[in-house]
Amino acid sequence: MTTQTARRDIMALEQGGKVRRLHGGATISAPVDPTVLRQRRVENAAAKERIGSLTAELVPDGAAVFIDTGTTCEAVARALVKRRDLRVVTYSLRVATTLSESTNFAIAVPGGFVRQVDGGVFREETSEYIRRFKFDVAIISVSGVDHDGDIGDDDHAEVAAVSAAMGQSARTIMAVDSSKFGRRALVRLGSLHDIHTLVTDTLPEERMLARLRDSGVEICV
């Protein structure tokens with residue numbers, strides 16, 4: 001098999017949603033099950049709205065902001081409509097739509113294939129696209145914060161995109177509901193040392209709380 005043939009095969013698989021291209025190769029595409037996502041939208045919905053409101057209060061008018069994908073970040077986007085003159089980069093079409101319909105913010109999204117289950121936009125160059133920007137604030141959410149102090153997600157492409165944004169941001173805010181504490185995700189994004197501020201609905205148990213404090217994370221409940 002030639003390199004050109006392999007590249008064509010990977011592109012065809014990506015278009016069919018079977019794989020997701022990465023720099024130097026590809027990974028099996030394992031999108032979130034629609035039933036699981038619908039359940040997430042219902043679970044802790046009130047807590048996520050409160051988290052969204054508090055997170056939005058930490059974002060100053062005129063800031064350059066990266067916003068992650070997921071139900072919690074969608075709640076953040078709904079609250080951010082009260083801010084003024086934001087410049088937003090996101091790979092979530094749901095976040096972009098919420099903001100574009102209710103504000104005059106400058107909004108940038110990468111090109112690529114849309115993951116229908118949550119509106120995430122991905123392609124091989126998504127991380128490189130995000131690295132073109134500089135952010136005052138990166139707002140992220142994760143699948144788990146484990147007891148080793150690691151944060152992570154279950155999708156390699158999401159981790160790559162968020163990692164790129166964190167590297168370009170002066171401040172990273174992690175917005176998660178308390179169900180994520182003590183949960184180990186499949187793909188490591190970083191550690192609590194990479195987070196400046198945690199916004200959540202309930203303080204975690206003492207062991208996790210000690211880990212957060214040792215990491216210098218500002219906690220907003």
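The crossing of helices α4 and α5 is right-handed, and this pair is the starting point for a tour of the predicted model.

**The helix pair.** Select residues 71-80 for α4 and residues 93-102 for α5. The two axes come within 9 Å of each other and cross at roughly 10°. Because angles under 35 degrees count as roughly parallel, α4 is roughly parallel to α5.

**The contact between them.** Next, display the side chains on both sides of the pair. From α4, select Cys73, Glu74, Ala77, Arg78 and Leu80; from α5, select Arg94, Val95, Thr98 and Leu99. These residues of α4 meet those of α5. Coloured by class, the contact shows five nonpolar residues, one polar residue and three charged residues.

**Threonine 71.** Remain in α4 and centre the view on threonine 71, which lies in this helix. Is threonine 71 buried or exposed? Its relative accessibility is 12%, and since buried means under 20%, threonine 71 counts as buried.

**The whole chain.** Finally, zoom out and show the chain by secondary structure, where eight helices and 14 strands can be traced. The chain has 221 residues, of which 48% count as buried.

Terms used. Residues numbered from 1 in each chain as written. Predicted model: local features only at pLDDT ≥ 70, side-chain atom pairs only at ≥ 80, totals over all residues. Heavy atoms only, no water. Axes fitted to C-alpha atoms, helices over the stretch in contact; angles between N-to-C directions. Helix = DSSP H or I, 4+ residues; strand = E, 2+ residues; numbered from the N terminus. Parallel < 35°, antiparallel > 145°, perpendicular 65-115°, else oblique. Left-handed = near helix turned anticlockwise from the far one by under 90°. Contact = heavy atoms within 4.5 Å. Nonpolar A, V, L, I, M, F, W, Y, C, P; charged D, E, K, R; others polar. Buried < 20%, exposed > 50% of the residue type's maximum accessible area, 1.4 Å probe, protein only.
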